[in-house]
Amino acid sequence: RPAPAMAADSCFKPLTHLREVPLDPAAAALVVVDVQNFVCHPEGAEWKHLPREDQLRGEAHFWADMPRAVQNIKALLGAFRQKRVEVLYTTIESLTKDGRDRSLDYKISGFNVPRGSWDGKVLA
């Protein structure tokens, strides 16, 4: 794909051709970030304080697309595993049940996902 047109005096010259590289399965990984009950399920701690109608009204696009997003992630997982490419997950989860190990940001945000809890379980 050609680079977008730039003004003649622009010092910005994108090197888009450097992004067109083949995937090396031995050096690659699929990273699934925070696709867990806590934030991606209507009964997750991030949402359960809101009536379902309010969840749908306030985040209609999010909830409408969540089933398709999870389905797409599952398809990617299957494809990557079939090709024997590493799969990594990140989750929001405390190392302790009481959350004493949480970062200051997590404490200020007011959430704790205890280790091994339902909220910490991955959806895909």
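Predicted model: local features only at pLDDT ≥ 70, side-chain atom pairs only at ≥ 80, totals over all residues.
Asn37 is buried, with a relative accessible area of 6%; buried here means under 20% relative accessible area, exposed means over 50%, and partly exposed is in between, using a 1.4 Å probe and protein chains only. Residues are numbered from 1 along each chain as its sequence is written, and side-chain values use heavy atoms, with hydrogens and water left out.

Asn37 sits in helix H1; helices (H or I, at least four residues) and strands (E, at least two) are DSSP runs, numbered from the N terminus. What does the side chain of Asn37 reach? It reaches the backbone oxygen of Trp118 at 2.8 Å. Leaving aside residues up to four places away in sequence, Asn37 touches Gly44, Trp118, Asp119, Lys121 and Leu123, where contact means heavy atoms within 4.5 Å.

**The nonpolar core**

Phe38 also belongs to the largest nonpolar core, which has 17 residues; Val32, Phe38 and Leu77 have the most contacts inside it. Such a core is a set of buried Ala, Val, Leu, Ile, Met, Phe, Trp, Tyr and Cys residues joined through side-chain atoms within 4.5 Å. At least two residues of this core come from each of strand E1 (29-33), helix H1 (37-40) and helix H3 (60-82). H3 gives the most, with five residues.

**A patch on the surface**

Strand E1 also holds Val31, which counts as partly exposed because its relative accessibility is 45%. Together with Val33 and Leu88, Val31 forms a nonpolar patch on the surface, with about 240 Å² of accessible area. Patches are made of residues with over 30% relative accessible area and no salt bridge, with like charges joined within 9 Å and nonpolar side chains (Val, Leu, Ile, Met, Phe, Trp, Tyr) within 5 Å. Accessible areas come from the Shrake-Rupley method with a 1.4 Å probe; for residues, only the protein chains shown count as cover.

**Salt bridges**

How many salt bridges are there? The count comes to three, a salt bridge being a side-chain nitrogen of Lys or Arg within 4 Å of a carboxyl oxygen of Asp or Glu.

| Salt bridge | Closest N and O atoms |
|---|---|
| Arg57 and Asp54 | 2.3 Å |
| Asp65 and Arg68 | 2.5 Å |
| Arg100 and Asp98 | 3.1 Å |

Arg57 and Asp54 both lie in helix H2 (residues 52-58), three residues apart, about one turn of the helix. Asp65 and Arg68 are separated by about one helical turn because they are three residues apart in helix H3. As for exposure, Arg57 is exposed at 61% relative accessible area, while Asp54 is partly exposed at 31%. Arg100 is exposed at 59%, and Asp98 is partly exposed at 47%.

**Two loop residues with positive phi**

Asp34 is not a glycine, although its phi is positive, at about 55°. Asp34 lies in the loop between E1 and H1 and counts as partly exposed, at 24% relative accessibility. Arg84, also not a glycine, has a positive phi of about 60°. Where does Arg84 lie? Arg84 is in the loop between H3 and strand E2 (86-90), and at 75% relative accessibility it counts as exposed.

Note on methods
Polar contact = N/O pair within 3.5 Å; in protein donor to acceptor, adjacent residues only side chain to side chain.
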